[in-house]
Amino acid sequence: MAYLDFPATGGGAAVLDRPAAPPRHFQRIGKPAELTPLEWQVVALAQRDKLTSIRPAGRVTRAIRWLFGLRVSNALSDDRLEALRRIAVLSWYRGFAVASAEVRAFLAAGFTPDQYELLLERISAARAPLPRQFRR
């Protein structure tokens, strides 16, 4: 409990049952950002994917694949998980320097900006080099 002394109103004390809430722009609306275990698996698998896996194959590549019967596809069948994989691959390679169009596609797939921040925080922490004393 907190007591406030208001000398201008007669010196009485006012009791506050709870601390004052921070301004609305500092509060997060809803529950904290989180990703499901399946989504974290997609992020972990994206670490092994090459940057070329998010680009469409060119004519020559498609012709060679057709000629030799190769089938190479890293794309996921679920559009939401594919958007997560694309943003994760870009984040593993480029960190925070991801094109705004890719971020918009990620958000359009149903993810929130808070989930994007959480993803970047985790990937940045994993990309950070070890202290010099632990490097060999």
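## Nonpolar core

The largest nonpolar core has 21 residues, of which Val43, Leu84, Ile87, Tyr116 and Leu119 touch the most other members. A nonpolar core is here a set of buried Ala, Val, Leu, Ile, Met, Phe, Trp, Tyr and Cys residues joined through side-chain atoms within 4.5 Å; buried denotes under 20% relative accessible area, exposed over 50% and partly exposed in between, with a 1.4 Å probe and protein chains only. Two or more residues of this core come from each of α1 (37–46), α3 (79–94), α4 (100–108) and α5. The greatest contribution is that of α3, with 7 residues.

The model is predicted: local features need pLDDT of at least 70, side-chain atom pairs count only at pLDDT 80 or more, and totals for chains, interfaces and linings use all residues. Residues are numbered from 1 along each chain as its sequence is written, and side-chain values use heavy atoms, with hydrogens and water left out.

## Overall organisation

The protein chain contains 5 helices and 2 strands, in the sequence order β-β-α-α-α-α-α. Helices (H or I, at least four residues) and strands (E, at least two) are DSSP runs numbered from the N terminus. Of the 136 residues in the protein chain, 24% count as buried. Contact means heavy atoms within 4.5 Å; among contacts between residues at least 6 apart in sequence, 62% join residues at least 24 apart.

Helix α2 (residues 59–68) is hardly covered, its 10 residues including 0 buried ones. Just after α2, glycine 69 adopts a positive phi of about 70°.

## Helix α3

Helix α3 comprises 16 residues and reaches 22 Å from its first C-alpha to its last, close to the 22 Å expected at 1.5 Å a residue. The expected span is 1.5 Å times one less than the number of residues in the helix. Just after α3, glycine 95 has a positive phi of about 65°.

The buried residues of α3 are Leu81, Glu82, Ala83, Leu84, Arg85, Ile87, Ala88, Val89, Leu90, Ser91 and Trp92. These buried residues pack against α1, α4 and α5. Leucine 84 contacts Glu39, Val42, Val43, Phe106, Phe111 and Leu119, when neighbours within four places in sequence are left aside.

Helices α1 and α3 pack at an angle of about 40°, their axes lying 8 Å apart. Axes are lines fitted to C-alpha atoms, for helices over the stretch in contact, and angles run from 0 to 180 degrees between N-to-C directions. The angle therefore makes α1 oblique to α3, given that angles under 35 degrees count as roughly parallel, over 145 as roughly antiparallel, 65 to 115 as roughly perpendicular and the rest as oblique. The crossing of α1 past α3 is right-handed; a crossing is left-handed if the near helix is turned anticlockwise from the far one by less than a right angle, and right-handed if clockwise. On the α1 side, Leu38, Glu39, Val42, Val43 and Ala46 meet Arg80, Leu81, Leu84, Arg85, Ala88, Val89 and Trp92 of α3.

For α3 and α4, the packing angle is about 150° and the axes are 9 Å apart. Ala83, Leu84, Arg86, Ile87 and Leu90 of α3 make this contact with Glu102, Val103, Ala105 and Phe106 of α4. The crossing of α3 past α4 is left-handed.

## Glutamine 115 in α5

Glutamine 115 lies in helix α5 (residues 113–127). Glutamine 115 counts as buried because its relative accessibility is 11%. Not counting residues up to four places away in sequence, glutamine 115 touches Ala33, Glu34, Leu35 and Gly110.
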